[in-house]
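Hello,

Here is the structure I promised to pass on to you. My notes on what turned up in it follow below.

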Amino acid sequence: MRAVIVAAAVAFIISLLITPVAIRVFTALKAGQPIRSLGLASNEGKRGTPPMGGVAFIVATLVGYVAGHIALTTLPERQIAQEKPTMTALVLLGLFVFCGAVGFVDDLLKVRKRNSDGLSAKGKLLGQALIGTGFGIAALYWASTNGQTVASEHISFIRDVSWLDVGKVGSVMVFVFVITAMSNGVNLTDGLDGLATGASMLVLGAYALIGYWQYRHWCADTTYARASEYCYQVRDPLEISMIAAAAACACLGFLWWNTSPARIFMGDVGALGLGALIGGLAVATRTTLLSILICGLFFIITITWVIQIVSYRTTGKRVFRMVPLHHHFELAGWSEVNIVVRFWTIAGVCVAAGLGVFYSDFLAAVG
């Protein structure tokens, strides 16, 4: 637990301290966010606010993770087994950094062109698919000494569903879909000050708890007395918990500067990176289907966006005033702060429900 706390604390402090540095640097470089004129109240006064703030919490997460590993050297023998960085960390942090890099290119193009177009939708999807495929292969084909891989050949809910065996190729395809869908889901949610940051923080906090719970009830732990009765077949759960906790607290530090009125935006570098990390956490913890509930806000915003697009292209009519969904409520007269707080509430309820379902499965098994 100490390693997780150290990783989280260091990530929070680093994020809190380097975000204002990023604000000054991007402002000096005149890297202001281009804003489309959509008639939204939330857009007023935001033109010129620096984007690409996601760089700050990505760096903070990496530093926090390293600090967590340094803390491992002072812990009991039971935890020394994960002292060295693992394939799980490579996959999760790799997704975070490389999908963030795709977003960085998008943000950079927006700034250089002085418009909101940036990288094309096909370009972003191609980048996400290539990154997802590369790390999906690593997650499926590189096993630990006990034969455990980061991802599984089965579709999972709270653990692998035995009859949903999709094979290695199918699992890589599922991996790519989860990473791409979650990455774009967070990106769609990122439209109001602090909205995506706060919601992502809640989801990452949930995965920090899930990872640590799985570590305390890990099948690979020879000191766990009830391993034969109930345990979790995952790889490197302590790594999962450290990374999720570090990312959650890095988002918390960033939120200090990103809340309304935001002095910096996370940009696509932050949104695409966070979504990819969350998708990777869902796969690594064997909670792929449960993540739909845990990430309920992202799911709702994505589904309503799809409904709007399909409705408009097939009937010429709009179901909502504007998508993503938070803009619908803006046009309905809600203030930006009201929308953000209420959407955070929805995200919190979904996270609590997801954790409740996860824990009820444990109670049902051991009861």
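D268 touches G103, D106, D107, K110, K124, N187 and G273, leaving out residues up to four places away in sequence; contact here means heavy atoms within 4.5 Å. D268 lies in helix 9, and with a relative accessibility of 6% D268 counts as buried. The burial classes are these: buried is under 20% relative accessible area, exposed is over 50%, and partly exposed is in between, with a 1.4 Å probe and protein chains only. Helices (H or I, at least four residues) and strands (E, at least two) are DSSP runs, numbered from the N terminus.

Before you go further, please note that this is a predicted model, in which local features need pLDDT of at least 70 and side-chain atom pairs count only at pLDDT 80 or more, while totals for chains, interfaces and linings use all residues. Residues are numbered from 1 along each chain as its sequence is written, and side-chain values use heavy atoms, with hydrogens and water left out.

Now to the overall picture. The protein chain has 13 helices and two strands. Of its 367 residues, 54% are buried. Among contacts between residues at least 6 apart in sequence, 77% join residues at least 24 apart. The chain exposes about 15800 Å², and carbon and sulfur atoms supply 67% of that area; the areas come from the Shrake-Rupley method with a 1.4 Å probe, and for residues only the protein chains shown count as cover.

Back to helix 9 and its partner. The axes of helix 6 (residues 167–189) and helix 9 come within 7 Å and cross at roughly 140°. Axes are lines fitted to C-alpha atoms, for helices over the stretch in contact, and angles run from 0 to 180 degrees between N-to-C directions. Helix 6 and helix 9 are therefore oblique to each other; angles under 35 degrees count as roughly parallel, over 145 as roughly antiparallel, 65 to 115 as roughly perpendicular and the rest as oblique. The crossing of helix 6 and helix 9 is right-handed, where right-handed means that the near helix is turned clockwise from the far one by less than a right angle, and left-handed means anticlockwise. On the helix 6 side the contact includes F175, M182 and N187, and on the helix 9 side D268, L272 and V283 are among the residues involved. By class, this contact has eleven nonpolar, six polar and one charged residues. The classes put Ala, Val, Leu, Ile, Met, Phe, Trp, Tyr, Cys and Pro under nonpolar, Asp, Glu, Lys and Arg under charged, and the others, Gly among them, under polar.

Helix 2 is worth a look too, with two packing partners described here. The axes of helix 1 (residues 2–28) and helix 2 (residues 54–72) come within 7 Å and cross at roughly 150°, so the two helices are roughly antiparallel to each other. Helix 1 passes helix 2 in a right-handed crossing. Among the residues making the contact are V6, V10 and I14 of helix 1 and F57, V63 and L72 of helix 2. That contact has 15 nonpolar, five polar and no charged residues.

Helix 2 also packs with helix 4 (residues 87–113), at an angle of about 165° and with the axes 11 Å apart. That makes helix 2 roughly antiparallel to helix 4, and their crossing is left-handed. The contact includes I58, L62 and Y65 of helix 2 and L93, F96 and F104 of helix 4. Its residues divide into ten nonpolar, two polar and no charged.

A cis peptide bond joins S260 and P261, with omega about -5°, and P261 sits in the loop between helix 8 (237–258) and helix 9 (267–284). Another cis peptide bond joins V323 and P324, with omega about 0°; P324 is in the loop between helix 11 (296–315) and helix 12 (325–331).

D236 has a positive phi of about 55° although it is not a glycine. D236 is found in the loop between helix 7 (195–216) and helix 8 and is buried, with a relative accessible area of 8%. R286, also not a glycine, has a positive phi near 60°; R286 is in the loop between helix 9 and helix 10 (291–294) and counts as buried at 3% relative accessibility.

Best wishes
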